[in-house]
Amino acid sequence: MSDYQTIRFHQEGAKAFLTFDRPDVLNALNNQMIAEALDAVRNLPSGTRVLVVRGTGDKAFAAGADLEEMQRRTPWNEIDFGARRELARRLETAPFPTLAAINGYALGGGLELALACHLRIASATAKVGLPETRIGILPANGGTARLTRLVGRGRALRMILLAEHVDAMQAEQLGIVDWVVAPEIFDEEVSSIADRLAKLAPVSARAIIDTVSRSADMTIDHAIDYEHRWFQICLGSADKQEGVDAFLQKRTPDFGRADNRDRF
């Protein structure tokens, strides 16, 4: 699939940009959008070193599921939930940083996809929430699991049971988002962070994402052992040598060159 109708995708060197593009319905997620986004993520160019996920316009990242489509969803057709789950898991387990750029509403399934990303930046005008109880369901694409891990059991229950919308500053205080910036500099800050992430040493970035993601489910001793195995891999990488050489030579390192990537 290449001619997308509900998303936009473009590549700028090592940076990939996936944009939900249904602004007339606040970028609500329907099956076609999920399928197109998953296709784009499955087929990212091999040199990708950061993926930015965002929504068209300044009103919404993605304002939840498409409710017209929701009317037709039943227990039987929901048995095949694979595309939604796979998209979230690919964002969460990507070997390079994934960044959700939240400008406006990130609600329901939209927030669930943002929570699956490694990092989240929000405009000061953003609002986030999981309002599924308003229509008699629950967040079912990792919302309860991922939000609880970020904010704790009590606050997650409060937000989900009462369908609370949280503004950007509250979201930052709770740890739901990592940066809040003024709307007028939002695009500039997203670009700046993406540039910084794209310049990281690929093996090091992958090691950090993997160890941090797995450590919460390990004992402290197991987590440190796992961390050290990745450290040994980094020691053998060409990027480690480039980083040390650049530091000693007082220059900016050039990580991830094509002749280095085949080492791992």
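I began with handedness: helix 5 passes helix 6 in a right-handed crossing (the near helix is turned clockwise from the far one by less than a right angle). Helices (H or I, at least four residues) and strands (E, at least two) are DSSP runs, numbered from the N terminus.

The model is predicted: local features need pLDDT of at least 70, side-chain atom pairs count only at pLDDT 80 or more, and totals for chains, interfaces and linings use all residues. Residues are numbered from 1 along each chain as its sequence is written, and side-chain values use heavy atoms, without hydrogens and water.

Next I looked up the geometry. The axes of helix 5 (residues 143–151) and helix 6 (residues 153–161) come within 7 Å and cross at roughly 130 degrees. Axes are lines fitted to C-alpha atoms, for helices over the stretch in contact, and angles run from 0 to 180 degrees between N-to-C directions.

Then I listed the contacts (heavy atoms within 4.5 Å). Thr144, Leu147, Thr148 and Val151 of helix 5 meet Arg153, Arg155, Ala156, Met159 and Ile160 of helix 6. By class, I noted five nonpolar, two polar and two charged residues in this contact.

Last, I checked one pair. Strand 5 (residues 98–102) and strand 7 (residues 119–123) run parallel over four bridges. Isoleucine 102 stands opposite alanine 122 in strand 7.

Terms used: Nonpolar A, V, L, I, M, F, W, Y, C, P; charged D, E, K, R; others polar. Pairing = 2+ DSSP bridges.
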